[in-house]
Amino acid sequence: PKFKKFAESTEGRLSSGVKVNWFDVPTNGINYFRIKSNVSHLPTHLKPWLPVFIELLPFIGTKNMTNNEFNTTLMTYTDGIQCSYDSYAKGEDNYEECLYLK
């Protein structure tokens, strides 16, 4: 059978203590990232806003660019910003809710 070769990773931690995995792969100078954020402990009154956040996040601007300028530049070189939500069981009475950003 054929096996796919995966890029080797280096595990580390940011200064805030967040666990990260670094993959050294050629990307023509563009840095790609994926973030998994546990939102299980988000206050209940904010959870109804998650779909709005997920929908609008790809259209953000920056301090120096409008949302249109940033989106045009981003889409010229990448597939843009993508955000999604998932909820899954971690046991009989336990579950986790996560936002994924890439």
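Thr78 is placed in the loop between helix H2 (67-77) and strand S4 (83-89), where helices (H or I, at least four residues) and strands (E, at least two) are DSSP runs numbered from the N terminus. The model is a predicted one, in which local features need pLDDT of at least 70 and side-chain atom pairs count only at pLDDT 80 or more, while totals for chains, interfaces and linings use all residues. Residues are numbered from 1 along each chain as its sequence is written, and side-chain values use heavy atoms, with hydrogens and water left out.

**Thr78 and its surroundings**

- Thr78 counts as buried because its relative accessible area is 18%, the classes being buried under 20%, exposed over 50% and partly exposed in between (1.4 Å probe, protein chains only).
- The side chain of Thr78 makes a polar contact with the backbone oxygen of Leu74 at 2.8 Å, and a polar atom of that side chain also lies 3.0 Å from the backbone nitrogen of Gly80.
- A polar contact is a pair of N or O atoms within 3.5 Å; within protein, one must be able to donate a hydrogen and the other to accept it, and residues adjacent in sequence count only if both atoms are side-chain atoms.
- When residues up to four places away in sequence are not counted, Thr78 touches Ile30 and Tyr32, contact meaning heavy atoms within 4.5 Å.

- Ser40 belongs to the loop between strand S3 (35-38) and helix H1 (50-56), and with a relative accessibility of 18% Ser40 counts as buried.
- A polar atom of the Ser40 side chain lies 2.8 Å from the backbone nitrogen of Glu97.
- Leaving aside residues up to four places away in sequence, Ser40 touches Lys47, Tyr95, Glu96 and Glu97.

**Salt bridges**

- The structure holds two salt bridges, each defined as a side-chain nitrogen of Lys or Arg within 4 Å of a carboxyl oxygen of Asp or Glu.
- In one of them, the side chains of Glu96 and Lys36 meet with an N to O distance of 3.7 Å; this pair links distant parts of the chain, since Glu96 is in strand S5 (residues 95-101) and Lys36 is in strand S3, 60 residues apart.
- Lys47 forms a salt bridge with Glu97, with the closest N and O atoms 2.6 Å apart; Lys47 lies in the loop between S3 and H1 and Glu97 in strand S5, so the pair ties together parts that are 50 residues apart in sequence.
- Glu96 counts as buried at 10% relative accessibility and Glu97 is buried at 9%, whereas Lys47 is partly exposed at 22%.

**Cysteines**

- The count of disulfides, each being a pair of cysteine sulfur atoms within 2.5 Å, comes to zero.
- Cys83 is in no disulfide, the nearest cysteine sulfur being that of Cys98 at 11 Å.
- Cys83 counts as buried at 15% relative accessibility, and Cys98 counts as buried at 0%.

**Nonpolar surface patch**

- Leu46, Trp49, Val52, Leu56 and Phe59 form a nonpolar patch on the surface, with about 510 Å² of accessible area together.
- Patches are made of residues with over 30% relative accessible area and no salt bridge, like charges being joined within 9 Å and nonpolar side chains (Val, Leu, Ile, Met, Phe, Trp, Tyr) within 5 Å.
- Within this patch, Trp49 is found in the loop between S3 and H1 and is exposed, with a relative accessible area of 56%.

How values were computed
Accessible areas come from the Shrake-Rupley method with a 1.4 Å probe; for residues, only the protein chains shown count as cover.
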